Amino acid sequence: MKLTLKVWRQSKPDKVENGKLISGGGKMETYQVSDVSKDMSFLEMLDVLNEDLLRSGKEPIVFDHDCREGICGMCSMYINGQPHGPQQGTTTCQLHMRSFKDGDTIYIEPWRAKAFPVIKDLMVDRSAFDRIMQAGGYVSVNTGVTVDANEIPIAKSTADKAFDAATCIGCGACVAACKNASAMLFVSAKVSQLSMLPQGKTERKTRVENMVAQMDAEGFGACTNTGACSAECPKGISMEYIARMNREYYGAKLTSNNV
Amino acid sequence: MSASNPTISKKPNWFIQFFTSTIGRKLLVALTGLFLILFLAVHLIGNLQMILFDDGGKAFNEYAYFMGHNELIQIISVGNFFFIILHIIVSVVLTIYNRTARPTKYAYSKPSANSSFSSRNMIWLGSIVMIFLVLHLVNFWAKSKFGTVEQVTYDGKTMHNLYALVVFEFENPVIVGIYVVSMIGLSYHLLHGFQSVFQTLGINHVKYTPFIKTLGLIYSILVPLGFALIPILMYIKSLS
C-alpha cells in the first residue's frame with residue numbers, strides 16, 4: 001500500500017522557562033511511502049521511511065521506541081488525531097498498517113503538553129512523570145532480610161484492582177488525549193496501585209499530597225472528566241481511579257499531619 | 001536539566017494548598033454545581049405552578065411571596081448568588097489554566113473519538129446559561145425587586161402580581177425563543193455536569209455509577225424541558 005505521511009519535524013528542542021513553554025519551532029512535512037505491507041507495525045513503517053531518508057542523505061525522523069511489544073511505554077505518537085492511533089487498547093508499536101487503507105493520509109505528531117517539551121521531531125521529554133513518581137510513587141522498605149512473599153494476606157479482589165492500576169506503562173497518552181493536558185489518569189493509577197495494598201497504606205496520605213503537588217507544579221492541566229484519557233489509554237485504565245485519587249486527596253488534605 | 005526542573009516552591013497553608021490545587025479547584029466547581037442542580041429542581045417545581053393550575057396565577061404569586069419573604073429562603077438565595085458567581089469564576093480560571101497546559105495545539109485532532117460534545121464544551125454551554133441568566137434576572141428578578149410590578153390582593157393580603165409579569169414577558173416570541181434555546185444549552189451542560197459532579201466528589205462505584213448516569217440523563221432532559229414548556233405554553237395561551 002501507498003501512504004502519504006504528514007509528520008511533525010522539529011530540530012531545536014522546546015524550552016521551559018518560568019513555567020512557559022518556548023517552542024523550538026517546527027512544521028508538518030509531507031512524505032510519500034510505498035511498498036508498505038499491511039502486516040508491518042506502525043514503527044516498522046517509519047523504519048522503512050527512515051531508511052529511505054538516510055539513503056537520500058536526509059535526517060531521519062526521531063521517535064521514541066524500545067520494547068516494541070506494548071509494555072515499555074516509550075512509543076508516543078499522536079496519529080490521525082488520536083494518541084497511539086485509531087485502534088483501542090494498543091500502543092503505537094502494536095498498531096499495524098492493516099488499520100489503514102491504501103492511499104490514506106496519516107498525520108503524525110508528538111504528544112502536546114507544556115509538561116512534555118518536544119526534544120526532537122516526535123520525541124518528547126516525559127521526565128515530568130519521573131518527578132511525580134519521585135515525589136511519592138514508592139513504598140519505603142527498610143533494609144533487612146527478605147520478607148516472605150505471602151506474609152501479608154491480600155484479598156484477591158484488592159490485588160486485582162491494584163494490578164489493574166499497575167498496568168499503567170506511563171506512556172503519557174492520557175495527557176496527550178486530554179483537552180486540558182491533564183495527567184490525572186497517570187497519577188491516579190500510580191496513587192491507587194500503591195495505596196490499595198497494605199505495604200503502601202502507611203504512606204498513603206503524604207504520597208497523594210506530594211504527587212498531586214508535583215503534578216500541579218509540572219504544569220499539567222486539571223481534569224474535567226471528559227473520559228478521553230481512559231478511552232485512549234493503551235492499558236484501559238478506568239476513570240474509577242481518578243475518583244479514587246480524588247477521595248484519597250480529600251481525605252489526606254483534611255486529616256494528614258502535613259500543615 | 002536538573003536546574004530548570006519544576007519544583008514545588010515554598011508551601012502555603014494546607015487549606016490554601018488544597019483549594020488552589022487542581023483537584024481542590026475542581027471540587028469547588030463540583031460542589032457549587034451540585035447546589036445549582038438542586039436549585040434548578042426547586043425553581044422548576046415552583047414555576048410549574050404557573051402552567052399546572054388555571055387559577056390566574058394565585059398559587060404562583062403566593063409561592064413567590066413566600067419565597068421573597070421567608071428569612072431562611074433569603075439566606076439560601078444569597079448563597080445561591082454566591083455559588084453561581086463562584087462556579088463561574090472558578091470554571092473560567094480553570095479553563096484558562098487548562099488552556100495554558102497545552103501551548104502548542106495539534107495540527108490534526110479527533111476529539112470526538114474519545115469524548116462527548118458536552119464534556120468538551122462545558123465552558124461555552126455554561127456561557128450560554130450565564131448570558132441567559134443575566135437576561136432572566138433583568139426580565140424578572142430585577143423588575144420584582146427594583147421595578148414597579150402590578151399589585152394583587154388575595155384574601156386581604158397584597159402582593160406583587162408576578163404571574164402577570166410572566167404572562168407579559170412571554171407574549172414576546174423573541175423572549176420565548178431565547179428561553180427555549182438557552183434551555184437546550186442548559187440541557188447539554190447538565191448532561192456532562194450532573195455525572196461529572198459525582199466523579200469529582202470521588203463517587204465512581206460499580207453499584208452507584210450506572211444509576212447516577214441514568215438519573216443524570218433523565219434530569220438533564222426533563223428539567224430543561226420543564227423550564228422550556230413554561231414560556232412555550234404561556235405564549236400559546238397568549239395567542240388565544
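This dialogue walks through a predicted model, one feature at a time.

Colleague: Let's start with the sheet in chain A. How do strands of a sheet pair?

Modeller: Strands pair through backbone hydrogen bonds, and the pairing is either parallel or antiparallel. Now the case here. In chain A, 5 strands form an open sheet with mixed pairing. Their order is S4-S1-S7-S5-S6.

Colleague: Which strands of chain A stand at the edges?

Modeller: S4 and strand S6 (82–83) of chain A do. Each has a single partner strand, so one side of each is left without a neighbour in the sheet.

Colleague: How many bridges join strand S5 of chain A to S6(A)?

Modeller: There are 2, and the two strands run antiparallel. Strand S5 holds residues 78–79 of chain A. Find A:Tyr78 there; A:Pro83 in S6(A) stands opposite.

Colleague: What about side chains in a strand?

Modeller: In a regular strand they alternate between the two faces of the sheet. Keep that in mind as you look along a strand.

Colleague: Next, helices. How are two packed helices described?

Modeller: By the angle between their axes and the distance between the axes. The angle is about 70°, and the axes are 8 Å apart.

Colleague: What does that angle make H5(A) and H9(A) to each other?

Modeller: Roughly perpendicular. Angles of 65 to 115 degrees count that way. The crossing of H5(A) past H9(A) is left-handed.

Colleague: Which residues make the contact between H5(A) and H9(A)?

Modeller: On H5(A), they include A:Leu185, A:Val187 and A:Val191. On H9(A), they include A:Tyr241, A:Ile242 and A:Met245. By class, this contact has 8 nonpolar, 3 polar and 2 charged residues.

Colleague: Now chain B. What is its secondary structure?

Modeller: Chain B has 10 helices and 2 strands. From the N terminus on, the order is α-α-α-α-α-α-α-β-β-α-α-α. Its C-alpha trace spans about 80 × 40 × 35 Å along the principal axes.

Colleague: Last, the two chains together. How many residues of chain A are in contact with chain B?

Modeller: Chain A brings 47 residues, and chain B brings 40. Several elements of chain A give two or more residues to its side, among them strand S7 (105–109), helix H2 (127–136) and helix H7 (204–217).

Colleague: Which element of chain A gives the most?

Modeller: H9(A) does, with 7 residues. By class, the chain A side has 21 nonpolar, 15 polar and 11 charged residues.

Definitions and conventions:
Residues are numbered from 1 along each chain as its sequence is written. Chains are lettered from A and ligands numbered from 1 in the order in which they are written. Two residues are in contact if their C-beta atoms, placed from the backbone, lie within 7 Å. Helices (H or I, at least four residues) and strands (E, at least two) are DSSP runs, numbered from the N terminus. Ala, Val, Leu, Ile, Met, Phe, Trp, Tyr, Cys and Pro count as nonpolar, Asp, Glu, Lys and Arg as charged, and the others, Gly among them, as polar. Axes are lines fitted to C-alpha atoms, for helices over the stretch in contact, and angles run from 0 to 180 degrees between N-to-C directions. Angles under 35 degrees count as roughly parallel, over 145 as roughly antiparallel, 65 to 115 as roughly perpendicular and the rest as oblique. A crossing is left-handed if the near helix is turned anticlockwise from the far one by less than a right angle, and right-handed if clockwise. Two strands pair if DSSP finds at least two bridges between them.
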